[in-house]
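This report describes the fold, the ligand shell and selected residues of one protein. The sequence and the structure are shown first.

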Amino acid sequence: MGVLTGRTALVTGASRGIGRGIAERLGRDGARVAVHYGRNETAAKDTVTAIERAGGSAFALGVELGVPGDAEALWAEFDRHADGLDILVNNAAIGNTRPIGQLEEREYDEVFAVNVKAPFFILKHGMTRLRDNGRVVNISSGLARSAAMPDNMAYAMTKGALDVFSRDLSKVLGHRGITVNSVAPGIIDTDNTAELLRGTPDGWAKAAAISALGGVGEPAEVADVVAFLVSDGGRWVTGSWVDVTGGSLT
Ligand code: NDP
């Protein structure tokens with residue numbers, strides 16, 4: 001019996017990386033986990049299998065985000081498997097490393113559509129499905145509060161917008177006991193950071209040097225913080241921005 005037994009969680013972008021780490025952790029804690037993915041069905045099924053092998057329960061749902069009607073499509077698919085939910089983790093996002101002078105309007109629209117518009121409308125259409133005393137966690141980034149990588153400006157702007165969403169939504173949903181928080185990772189070893197970490201011989205060392213702890217994070221390090229926020233122990237934490245950068249902003 002885990003601390004989340006009896007709860008249902010939806011983690012977007014749970015086929016790989018940080019989302020997978022969060023999904024596996026919530027599954028170990030007893031939640032039934034909806035493992036959302038975009039295109040990578042095989043990876044999503046791997047996440048489901050990993051959760052089940054650890055004694056948990058999960059199902060996969062594939063819906064592309066960042067396109068018109070994405071949120072409604074996500075919930076329609078979710079409703080086929082579950083009747084309401086307790087935990088929503090908006091994790092799916094895309095990166096963008098393009099100096100402002102080279103960024104195309106189409107790319108700007110895409111990064112905002114996936115990283116900001118999709119979570120907003122997932123909540124708009126999901127609030128009625130979210131049970132009282134539920135939890136919302138939006139995965140932000142340390143770059144929302146750091147100018148260390150200005151070529152990632154458009155991406156960082158999406159996370160800044162997401163943080164405002166977390167803050168204000170906490171007031172909208174607070175009367176129902178629902179908490180809403182942003183969790184901001186620093187550099188974490190995922191597909192997303194493969195080029196940064198392994199594209200050059202000193203990539204890993206340079207990334208590690210940014211954090212006060214002198215390392216590169218793993219998905220589990222973010223998942224552990226999310227697990228606390230969605231547990232009963234996190235009930236009085238809302239509207240906050242939780243720094244999980246290993247001290248990269250100090
Ligand atoms: P990955 O690129 O490893 O995984 C992204 C996940 O999101 C995948 O499951 C992918 O699905 C899904 N996804 C991406 N785009 C879409 C889309 N258009 N529609 C549906 N699903 C989509 O990312 P990370 O694990 O590295 O990042 C996870 C979160 O953490 C993001 O919000 C990111 O901004 C944030 N973050 C990451 C950091 C890092 O260093 N890695 C640092 C700070 C923040 P599929 O597998 O099907 O493609």
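How many helices and strands are there in the protein?

## Overall architecture

The protein has eight helices and seven strands. Its radius of gyration is 17 Å, close to the 18 Å that the globule rule gives for 250 residues, so the protein is as compact as a globular protein of that length. The model is a predicted one. Along the principal axes, its C-alpha trace spans about 45 × 35 × 35 Å.

Of the 250 residues, 48% count as buried. Among contacts between residues at least 6 apart in sequence, 72% join residues at least 24 apart.

## The nonpolar core

In soluble globular proteins, nonpolar side chains tend to be buried together. In this protein, the largest nonpolar core has 69 residues. The residues with the most contacts inside this core are L26, V35 and V226.

Which residues are in contact with V226, leaving aside its neighbours within four places in sequence? They are I22, V89, V137 and V183. Two of the residues named here belong to helix α1: L26 and I22 are both listed among the buried residues of that helix.

## Helix α1

Helix α1 covers residues 17–28. The helix has twelve residues and reaches 17 Å from its first C-alpha to its last, close to the 16 Å expected at 1.5 Å a residue.

Is α1 largely enclosed by the rest of the structure, or largely exposed? Eleven of its twelve residues are buried, so α1 is largely enclosed by the rest of the structure. The buried residues include the glycines G17, G19, G21 and G27, and R20, E24 and R25 are also among them. Just after the helix, G30 takes a positive phi of about 110 degrees.

## The shell around the ligand

The ligand is surrounded by 28 residues. The closest are G13, G17, G38, A93 and N192. One of these, G17, is also a buried residue of α1.

Which element gives the most to the shell around the ligand? Helix α1 does, with three residues. By residue class, the shell divides into twelve nonpolar, twelve polar and four charged residues.

T245 lies in the segment after β7, the strand formed by residues 241–244. With 23 C-beta neighbours inside 10 Å, T245 counts as buried, because the threshold is 20 or more. Leaving aside neighbours within four places in sequence, T245 is in contact with G142, A184, P185, G186 and S211. For A184, which is 61 residues from T245 along the chain, the separation between C-alpha atoms is 6.8 Å.

D189 is found in the loop between β6 (179–185) and α6 (194–198). Is D189 buried or exposed? With 20 C-beta neighbours inside 10 Å, D189 counts as buried; the limit for that class is 20 or more. Not counting residues up to four places away in sequence, D189 touches L197, V216 and E218. D189 and V172 are 17 residues apart in sequence, and their C-alpha atoms lie 34 Å apart in space.

M149 is located in the loop between β5 (130–139) and α5 (153–173). M149 counts as partly exposed because it has 16 C-beta neighbours inside 10 Å. The C-alpha atoms of M149 and P99 are 9.9 Å apart in space, and these two residues are 50 apart in sequence.

F121 lies in helix α4, which comprises residues 105–126. F121 has 18 C-beta neighbours inside 10 Å and therefore counts as partly exposed. Between F121 and K206, 85 residues apart along the chain, the C-alpha separation is 37 Å.

N133 lies in strand β5. Phi of N133 is near 65 degrees, a positive value in a residue other than glycine. N133 has 13 other C-beta atoms within 10 Å and is therefore partly exposed.

Key
Residues are numbered from 1 along each chain as its sequence is written. This is a predicted model: local features need pLDDT of at least 70, side-chain atom pairs count only at pLDDT 80 or more; totals for chains, interfaces and linings use all residues. A nonpolar core is a set of buried Ala, Val, Leu, Ile, Met, Phe, Trp, Tyr and Cys residues joined through C-beta atoms within 7 Å. Two residues are in contact if their C-beta atoms, placed from the backbone, lie within 7 Å. Helices (H or I, at least four residues) and strands (E, at least two) are DSSP runs, numbered from the N terminus. A residue is near a molecule or strand if its C-beta atom, placed from the backbone, lies within 6 Å of it. Ala, Val, Leu, Ile, Met, Phe, Trp, Tyr, Cys and Pro count as nonpolar, Asp, Glu, Lys and Arg as charged, and the others, Gly among them, as polar. The expected span of a helix is 1.5 Å times one less than its number of residues. The radius of gyration is taken over C-alpha atoms; the globule rule is 2.2 Å times the number of residues to the power 0.38.
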